Amino acid sequence: MKTTEILFTQFKYINNNSQEFLKICLPYFLLLVLNFYIPENSLFDELCSLVMYVVVTLMIVNIHRYMILEDKNYYSFKERFKPTCSYFCYGIVLLVISFAPVGLFLASLLLTSAASNILPDSIIPIIIGVSFLIMIFCMFLVYPSFALILPIAAIGEKVEVFKMWELSKGFKLTIFLQFFIVWVVLLLILTPLYMWIGEGESLLYNLFGNFLVLLAYILVISSLSKTYLLWKDERVSQLKSV
């Protein structure tokens, strides 16, 4: 199944099941709108950020479980506590793995800074540029390789982190393209929208902009769920053929 087919299929699925996605995503959307009006660097700002992280994690778990298991117990503490905690932990692991190349880039900056008296001035920008390109390449490579960890954790199945690099072969490109296409399209819509409406602090921009961001989130998450189902079907077919 092509990347564009997955995205269009999921967009139609979201539209046809809009009531269920409204139940799942409404708390996060309201927090997004509310957070816009909370003063920065205040106690309420930090508290709201913490609550938003918990709510968005629950939202993502709910989307994965609805897509994969058709589970509609969205706000049952008994049903959601364990998978949400599991997703939270594996989400942090994926975040660390994905941003490890940033650490390598910063290390290259420190090394070039320390060796600035030894290295020629013309070499330092080249080292920094090459390091930056390696960082971007690694980040784009790492997320698609381990992203399937997330739906697996959300539905409570056993996660094989160290095997996922190998197991995700054949699906890395489509995972990357799903993420890339959705967020590029969102950027292309939001930029002229911001220029047309004017001030980013306006209520109209806040509501419509956050709605589009949320829709992009839903589309990326549900497309990853669909990719997981395709990946699982392929694995089952491979096991049967052995």
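Leaving aside neighbours within four places in sequence, Phe 179 makes contact with Tyr 143 and Val 220. That's a handy way into this predicted model, since Phe 179 also turns up among the residues nearest the centre of the largest pocket.

- Tyr 217 is 38 residues away from Phe 179 in sequence, and the two C-alpha atoms are 9.4 Å apart in space.
- Val 220 is found in helix H9, and its relative accessible area of 11% makes it buried.
- Which residues does Val 220 touch, once neighbours within four places in sequence are left aside? The list is Gln 178, Phe 179, Val 182 and Trp 183.

**The largest pocket**

- The volume of the largest pocket comes to about 840 Å³.
- Its lining takes in 25 residues, and Leu 94, Leu 95, Tyr 143, Leu 150 and Phe 179 are the ones nearest the centre.
- Which helices each supply at least two residues of the lining? They are H3, H4 (77-114), H5 (123-146), H8 (172-197) and H9 (203-241).
- H4 gives the most to the lining, with 7 residues.
- By residue type, the lining of the largest pocket splits into 21 nonpolar, 4 polar and no charged residues.

**Helix H2 and its bend**

- H2 covers residues 18-35, and its 18 residues should span 26 Å at 1.5 Å a residue; the end C-alpha atoms sit 24 Å apart, so the two figures agree.
- There's a bend in H2 of about 50° at Cys 25, and a proline, Pro 27, follows within four residues.
- Quite a list of H2 residues is buried: Glu 20, Phe 21, Ile 24, Cys 25, Tyr 28, Phe 29, Leu 31, Leu 32 and Val 33.
- On helices in general, there are 3.6 residues a turn, so residues three or four places apart point the same way.

- Leu 32 lies in H2 and counts as buried because its relative accessible area is 13%, under the 20% cut-off.
- Not counting residues up to four places away in sequence, Leu 32 touches Met 52, Asn 206 and Asn 210.
- How far apart in space are Leu 32 and Asn 210, given that they are 178 residues apart in sequence? The C-alpha to C-alpha distance is 6.7 Å.

- Asn 62 is part of helix H3, which runs over residues 43-69.
- The relative accessibility of Asn 62 is 0%, so this residue counts as buried.
- Contacts of Asn 62, not counting residues up to four places away in sequence, go to Ile 24, Tyr 74, Tyr 75 and Arg 80.
- Ile 24, in that contact list, is itself one of the buried residues of H2.
- Glu 70 sits in the loop between H3 and H4.
- At a relative accessible area of 62%, Glu 70 is exposed, because the value is over 50%.
- Phi of Glu 70 is near 55°, which is a positive value in a residue other than glycine.

**The chain as a whole**

- Read along the sequence, the pattern is α-α-α-α-α-α-α-α-α.
- The protein chain has 242 residues, and 39% of them count as buried.
- Among contacts with a separation of 6 or more, residues 24 or more positions apart account for 73%.

Definitions and conventions: Residues are numbered from 1 along each chain as its sequence is written. This is a predicted model: local features need pLDDT of at least 70, side-chain atom pairs count only at pLDDT 80 or more; totals for chains, interfaces and linings use all residues. Side-chain values use heavy atoms; hydrogens and water are left out. Buried means under 20% relative accessible area, exposed over 50%, partly exposed in between (1.4 Å probe, protein chains only). Contact means heavy atoms within 4.5 Å. The expected span of a helix is 1.5 Å times one less than its number of residues. The bend at a residue is the angle between axes fitted to the seven residues ending there and the seven starting there. On a 1 Å grid over the protein atoms alone, a cavity is a set of points where a 1.4 Å probe fits but cannot get out, and a pocket is an open set with protein on both sides within 12 Å along at least five of seven lines; lining residues have an atom within 4 Å of a point. Grid points are joined across faces, edges and corners, and a volume is the space filled by probe spheres set on the points. Ala, Val, Leu, Ile, Met, Phe, Trp, Tyr, Cys and Pro count as nonpolar, Asp, Glu, Lys and Arg as charged, and the others, Gly among them, as polar.
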